[in-house]
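Me: Let us go through a structure together. I will ask, and you answer briefly.

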Amino acid sequence: MIQENQAYQVHKLFRLQYEPAQNAWVLLYPEGMIKLSESAGEILRLLDGERTVAQMIAELQARFPQADTLTEDVTEFLGEAHAKKWIC
Amino acid sequence: MPKSGSAENSINPPLWLLLELTYRCPLSCPYCANPVDLGDPADELSTEDWLKVLEQARAMGAVQLGLSGGEPLLRKDLEVIVAKARELGFYTNLITSGIGLTNKRLKALKDAGLDHIQVSFQSADPDTNDAIAGKRKAFETKQELARQVKAHGFPMVLNFVISKQNIENIDAIMQLSQSLEADYVELATAQYYGWALQNRDQLMPTLEQVRTAEAQVNAVRDSQNGVGPRFIFVTPDYYETRPKACMSGWGNIFLSVAPDGRAMPCHSAALLPLSFPNVRDSNLKSIWYESELFNKYRGFDWMPEPCRSCDEKEKDFGGCRCQALLLTGDAANADPVCDKSPHHHKIVSAAESAAACRNGETLARTVQNSQIIMQTRV
Ligand code: SF4
Ligand code: SF4
């Protein structure tokens with residue numbers, strides 16, 4: 001379960017990077033690449049091991065005030081990312 | 001800006017760049033995928049040539065970089081190449097036998113920004129390992145080295161080429177991988193090109209051996225609870241009835257450069273009777289988009305029957321051109337692994353012949369054997 005008062009970071013098996021040729025954020029890992037959706041990229045790039053999930057959601061909410069289910073969307077995505085070991 | 005309708009609009013840029021930095025190697029594995037013609041080390045590209053290739057490929061959008069060989073550590077400029085690649089934004093994968101990877105070089109590679117190291121092992125049993133590799137103490141060296149790789153914080157993939165010689169020890173191989181704390185473990189039978197084709201009868205495990213090993217791998221996976229290495233088991237396509245989607249299609253995502261600068265859509269393609277553009281003479285962009293070679297089997301228009309009218313062609317691209325050439329005599333034919341191919345019986349009989357082979361003596365991948373084979377071919 002994702003805790004809102006906890007800080008996460010991208011797992012060290014992965015490298016998060018913006019790829020101009022893909023016009024997307026990607027996760028790079030040994031001999032592979034995951035192309036991220038725009039929202040997934042925006043979320044992952046805020047994970048620095050210091051910001052808590054709650055702080056991150058507040059930042060995103062300020063940037064995207066029209067998004068009304070942001071908390072659920074972010075925690076759901078982070079849950080999936082955690083299960084796939086993209087983040088820890 | 002490319003004009004509309006130009007090649008660049010319909011062709012994907014390469015995502016994967018594989019640099020075979022040298023065919024020199026301290027080991028002599030009989031399953032080696034290098035061409036039987038190991039060429040002349042004097043023809044290897046210079047450091048500047050390799051750096052130029054990196055720049056051109058990255059500008060086109062390539063992002064995964066494999067550095068292999070032969071043994072890439074034999075290039076003294078490996079650290080320079082890694083540093084440049086990392087600076088350009090590549091994810092850098094070093095594919096090595098581990099021989100020659102000292103602590104000092106590991107540190108230098110870490111400092112240069114290397115992302116990941118793949119170490120090949122031949123077996124979990126020291127004697128079998130060293131016999132297959134053709135080098136004494138190879139196992140000991142690799143085991144120590146694998147520990148150092150993890151100690152330096154690299155993600156580590158272990159690669160075991162599975163053959164008759166080691167398939168019955170697959171449990172021990174998985175235990176070794178767990179104790180070395182590998183992140184991923186590839187347990188793959190050889191692809192039978194190059195040296196591996198010469199040794200196919202001696203190497204290819206029987207269907208029964210493959211099924212047993214597969215069950216052993218599944219049992220370990222089930223007991224892992226998500227902890228420990230991720231095991232990837234790849235069976236020989238000789239036991240399938242549909243081919244693999246080789247390279248995800250010719251000239252679609254993959255670009256490989258041989259030690260002497262020949263650019264190819266796959267590192268095995270050197271065996272095809274085609275002429276290869278060279279990075280010394282042309283830039284990668286024109287090689288990828290415009291060369292005759294890269295357009296030869298691109299897309300679907302080149303296909304003869306049965307692939308041409310087959311509704312599975314977008315899934316497997318008709319399989320592997322090298323396998324088609326080696327087994328049917330024409331690289332444009334359907335990969336004979338496919339049971340719609342009129343040549344499929346050749347795959348079946350090759351598997352039978354390997355199953356009947358009791359002689360374990362393989363031909364070592366050595367410069368001397370390469371010269372003998374090349375002379376008899378001329
Ligand atoms: S497979 Fe063996 S012989 Fe071939 S390049 Fe790799 S380590 Fe060298
Ligand atoms: S006929 Fe060709 S395209 Fe169809 S499944 Fe076989 S190899 Fe693939």
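Me: In which helix of chain A is A:Leu70 found?

Reply: This is a predicted model, where local features need pLDDT of at least 70, side-chain atom pairs count only at pLDDT 80 or more, and totals for chains, interfaces and linings use all residues. Residues are numbered from 1 along each chain as its sequence is written, chains are lettered from A, and side-chain values use heavy atoms, without hydrogens and water. Helices are DSSP runs of H or I with at least four residues, strands are E runs of at least two, and both are numbered from the N terminus. A:Leu70 sits in helix 3.

Me: Is A:Leu70 buried or exposed?

Reply: Buried means under 20% relative accessible area, exposed over 50%, and partly exposed in between (1.4 Å probe, protein chains only). A:Leu70 has a relative accessible area of 8%, so A:Leu70 is buried.

Me: What is the relative accessible area of A:Asp73?

Reply: A:Asp73 also has its place in helix 3, residues 70-83 of chain A. A:Asp73 is partly exposed, at 44%.

Me: How many residues apart in sequence are A:Leu70 and A:Gln9?

Reply: Their C-alpha atoms are 19 Å apart in space. In sequence, the separation is 61 residues.

Me: What is the radius of gyration of chain B?

Reply: The radius is taken over C-alpha atoms, and the globule rule is 2.2 Å times the number of residues to the power 0.38. For 378 residues, a compact globule would come near 21 Å. Chain B agrees, with 21 Å.

Me: How many strands does chain B have?

Reply: Chain B has 16 helices. Its strands number nine.
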